[in-house]
Amino acid sequence: MHTLEITNLSKTYANGVQALQNISLTIPTGLFGLLGPNGAGKSTLMRIIATLQEADEGVIKFSGTDIAKHKNALRKVLGYLPQQFGLYPKISAEVLLHHLAVLKGLTNKRNRKEIVNALLHKTNLYTDRKKNLGGFSGGMKQRFGIAQALLTNPKLLIVDEPTAGLDPTERNRFHNLLSQLAENTVVILSTHIVDDVKELCTNMAIINQGKVLLQGNPQTAIDNLQGKIYQKAIQKTELPDYKKEYEVIAEKLFLGKPIIHILSDTNPNNGFMPTQAGLEEVYFAQIFGTA
Ligand code: ADP
């Protein structure tokens with residue numbers, strides 16, 4: 001079992017943007033969801049953990065070792081799938097994976113072939129291995145990204161917004177792959193998609209504007225909100241008034257009519273009905289609420 005321990009991490013860019021403000025997180029083996037809207041600071045945090053960028057303050061330890069002081073040690077156990085990665089469109093998945101494997105030091109041909117084939121099977125790309133990467137779908141590209149990230153058998157795997165743009169089947173397949181890997185790896189999944197975390201993660205953190213708003217088990221966070229969410233169908237024109245009076249955390253459309261979800265410790269009556277809390281409510285209550 002491994003643990004990633006982040007303590008009081010801060011990062012301010014040269015333009016004055018405070019991308020991370022005193023972040024502390026404990027991330028055990030398993031799938032950890034880092035949830036936050038665009039601009040929250042997720043990529044900055046991922047890049048610092050991947051030792052591609054340095055924090056101004058704070059310490060990150062992986063299984064007790066300070067990663068900033070031992071960058072090479074961390075890189076040896078790291079698999080990283082960045083938000084955008086380039087692929088050579090005119091060569092096949094198999095050829096590129098072999099090439100990347102050589103760059104990572106897998107010089108023994110037989111050994112390399114075994115590893116590459118195993119990864120192609122694991123990521124469900126074996127039958128497409130001879131196809132040029134330029135013809136791959138979004139999901140196939142992401143799975144290839146995972147295959148290359150797994151070449152060194154990582155203990156820490158970071159995937160940055162991997163499911164954006166995938167269709168439901170591909171997303172599902174990608175989720176299954178991640179949860180399989182998380183059985184003995186620290187996997188950090190950075191995402192702005194609530195469902196990614198809901199379906200997959202045993203632990204999570206919600207971050208916004210460089211700060212950790214909530215950290216823990218998704219189900220516990222949902223349970224804590226149970227009984228505090230009320231909904232009501234309203235007219236569109238009424239929305240500003242409701243926003244003034246209530247803590248509106250979500251607006252949805254049902255059959256074209258707006259339905260608002262509010263956060264309230266007591267029953268507000270006035271036509272509101274109690275409704276089940278889900279991770280979406282947890283997320284929106286953190287991002288938009290004052291709770
Ligand atoms: P996320 O991945 O959650 O979308 P980022 O870490 O990319 O968030 O960005 C956090 C904040 O830092 C944003 O306000 C973004 O504009 C800013 N930022 C990110 N990278 C840089 C950079 N290289 N220089 C200046 N500001 C940056």
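**Ligand**

I looked up Asn15 first: one of its polar side-chain atoms lies 3.4 Å from a nitrogen atom of the ligand. I take a polar contact to be a pair of N or O atoms within 3.5 Å; within protein, one must be able to donate a hydrogen and the other to accept it, and residues adjacent in sequence count only if both atoms are side-chain atoms. The model is predicted, so I note that local features need pLDDT of at least 70 and side-chain atom pairs pLDDT 80 or more, while totals for chains, interfaces and linings use all residues. Residues are numbered from 1 along each chain as its sequence is written, and side-chain values use heavy atoms, without hydrogens and water.

Gly39 has a backbone N or O atom 2.7 Å from an oxygen atom of the ligand, and a polar backbone atom of Ala40 is 3.1 Å from an oxygen atom of the ligand. The ligand taken alone exposes 560 Å², and the protein buries 64% of that (Shrake-Rupley method, 1.4 Å probe).

How many residues surround the ligand? I found 13, the closest being Gly39, Gly41, Lys42, Ser43 and Thr44 (near means a heavy atom within 4 Å). Helix H1, residues 42–49, gives the largest share of this shell, with 4 residues. Helices (H or I, at least four residues) and strands (E, at least two) are DSSP runs, numbered from the N terminus. I sorted the shell by class and got 5 nonpolar, 6 polar and 2 charged residues. Here Ala, Val, Leu, Ile, Met, Phe, Trp, Tyr, Cys and Pro are nonpolar, Asp, Glu, Lys and Arg charged, and the others, Gly among them, polar.

**Aromatic rings**

I searched the whole structure and found 5 aromatic pairs. Rings of Phe, Tyr and Trp (its six-membered ring) pair if their centres lie within 6.5 Å; planes under 30 degrees apart are stacked, over 60 edge-to-face, the rest tilted.

Tyr246 and Phe272 are an edge-to-face pair, 4.8 Å centre to centre with 65° between the planes. Tyr246 is in the loop between helix H9 (239–245) and strand S12 (247–254), and Phe272 in the loop between strand S13 (257–263) and strand S14 (273–274), so the pair ties together parts 26 residues apart in sequence. Both Tyr246 and Phe272 are buried (under 20% relative accessible area; exposed is over 50%, partly exposed in between; 1.4 Å probe, protein chains only). Tyr242 forms one aromatic cluster with Tyr246 and Phe272.

I also checked for a charge over the Phe272 ring: the charged end of Lys232 sits there, 5.5 Å from the centre. The test is NZ of Lys or CZ of Arg within 6 Å of the ring centre and within 35 degrees of the ring normal. Arg129 likewise has its charged end over the ring of Tyr126, 3.9 Å from the centre.

**Helix H10**

Is helix H10 largely enclosed or open? Of its 10 residues (279–288), 7 are buried, so H10 is largely enclosed by the rest of the structure. Tyr283 is one of the buried residues, at 6% relative accessibility, whereas Phe284 is partly exposed at 22%.

**Positive phi**

I noted Asn22, in strand S2 (residues 18–28), with a positive phi of about 55° although it is not a glycine. Asn22 is partly exposed, at 49% relative accessible area. Glu161 also has a positive phi, near 45°, but Glu161 is buried at 8%.
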